[in-house]
Amino acid sequence: MDITTELEGNILIARLAGELDIDTVQAFREKVVPVSEEPGVKILLLNLSRVSFIDSTGIGAILGRYRFLEKKGGKVVLTGLKAQVKKIIKMAGMLEIMPEYSSEEKALNEIGEGRMA
Amino acid sequence: MGNHAHIRMLSRSNNVGLARLAAASFASELDFTLNELEEIKVAVSEAVTNCIIHAYPLEEGIIEIDLRIEGEELIIVVEDKGVGIEDLEAVLQPNYSTKEEHMGLGLAFIDSFMDRFQLSSEPGKGTVVKMYKIPEKLKNRQEELS
């Protein structure tokens, strides 16, 4: 799994590419988890537009970040979900607790407007 | 129509991708849609992941995956010789999990994505998950005919 991260204010953008399962979740734990626990980070924006597969291990990793950020008043935002990935995420009930946008740009615009309001 | 394949692999996380791809490739002989093949991949991924995490928590073991086509039905059997499950009923409860990050979703996905599945286990001997799926198109045709 290929993961890049970028910090934009209090938003951590993580762009994932590949399959998120038990084999690749370690990369998520190494590259996303520590940065998301930095004090200034409130929102984790997960760009999953290049993720072609996810199973319960991947879901568990994302929910772990949700639990962590929610405790400090933050959230996880999802963008670019492919149909198959979206189905799994929806079945896990994640769309009820995490906002989802079609693109990273849309998510950033919405979050920006929310901040100003 | 009938076919059979068998995979014997170590319980290593980097073998999970191979297992699900092999299963989907084998299943594509039947008239499954791409969506259904993706569902099969998730089910196999969950079954094999369970072997790695739960059956062999301390050391590597062998996972056997039996792929079979009988008539128009796909039958996938994932078997380990690991620690086994003490309380099968508890495992089948929604959201049951012994690992914090695993959430107990694995069997729920298998249940949703396959037509039916059977779980059998013996503590100290191992666990067998048997999963069945018939292409949706075929089920619809059968319904139209009946």
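Colleague: Which strands does helix 2 of chain B lie across, and at what angle does it run to strand 3 of chain B?
Modeller: Helix 2 of chain B lies across strand 2, strand 3 and strand 5 (126-133) of chain B, and runs at about 10 degrees to strand 3 of chain B. Helices (H or I, at least four residues) and strands (E, at least two) are DSSP runs numbered from the N terminus; angles run from 0 to 180 degrees between N-to-C directions, with axes fitted to C-alpha atoms, for helices over the stretch in contact. This is a predicted model: local features need pLDDT of at least 70 and side-chain atom pairs 80 or more, while totals for chains, interfaces and linings use all residues. Residues count from 1 along each chain as its sequence is written, and chains are lettered from A and ligands numbered from 1 in the order written.

Colleague: What is the strand order in that chain B sheet?
Modeller: The sheet is open, with five strands in the order 1-2-3-5-4 and antiparallel pairing; two strands pair if DSSP finds at least two bridges between them. Strand 1 (2-10) and strand 4 (116-122) of chain B are at the edges with a single partner strand each, so one side of each has no neighbour in the sheet.

Colleague: How many bridges join strand 2 and strand 3 of chain B?
Modeller: Eight, for residues 62-70 and residues 73-80. Asp66(B) has Val77(B) as its bridge partner in strand 3 of chain B. Helix 1 of chain B also packs on the sheet, touching strand 1, strand 2 and strand 3 of chain B.

Colleague: Switching to the interface: how many residues of chain B are in contact with chain A?
Modeller: 18 residues of chain B are in contact with 17 of chain A, contact being C-beta atoms, placed from the backbone, within 7 Å. Helix 2 of chain B gives the largest share of the chain B side, seven residues.

Colleague: And chain A, what is its pairing?
Modeller: Mixed, in an open sheet of five strands ordered 1-2-3-4-5. Strand 4 (residues 75-79) and strand 5 of chain A pair in the parallel sense over two bridges, and Thr79(A) stands opposite Tyr101(A) in strand 5 of chain A.

Colleague: Where is Arg15(A)?
Modeller: Arg15(A) sits in strand 2 (residues 11-20) of chain A. Its C-alpha atom is 5.6 Å from that of Ile3(A), twelve residues apart along the chain. Beyond neighbours within four places in sequence, Arg15(A) is in contact with Thr4(A) and Asn47(A).

Colleague: Why is it classed as partly exposed?
Modeller: Because Arg15(A) has 19 other C-beta atoms within 10 Å; 20 or more would be buried, 12 or fewer exposed, with C-beta atoms placed from the backbone.

Conventions:
Contact = placed C-beta atoms within 7 Å.
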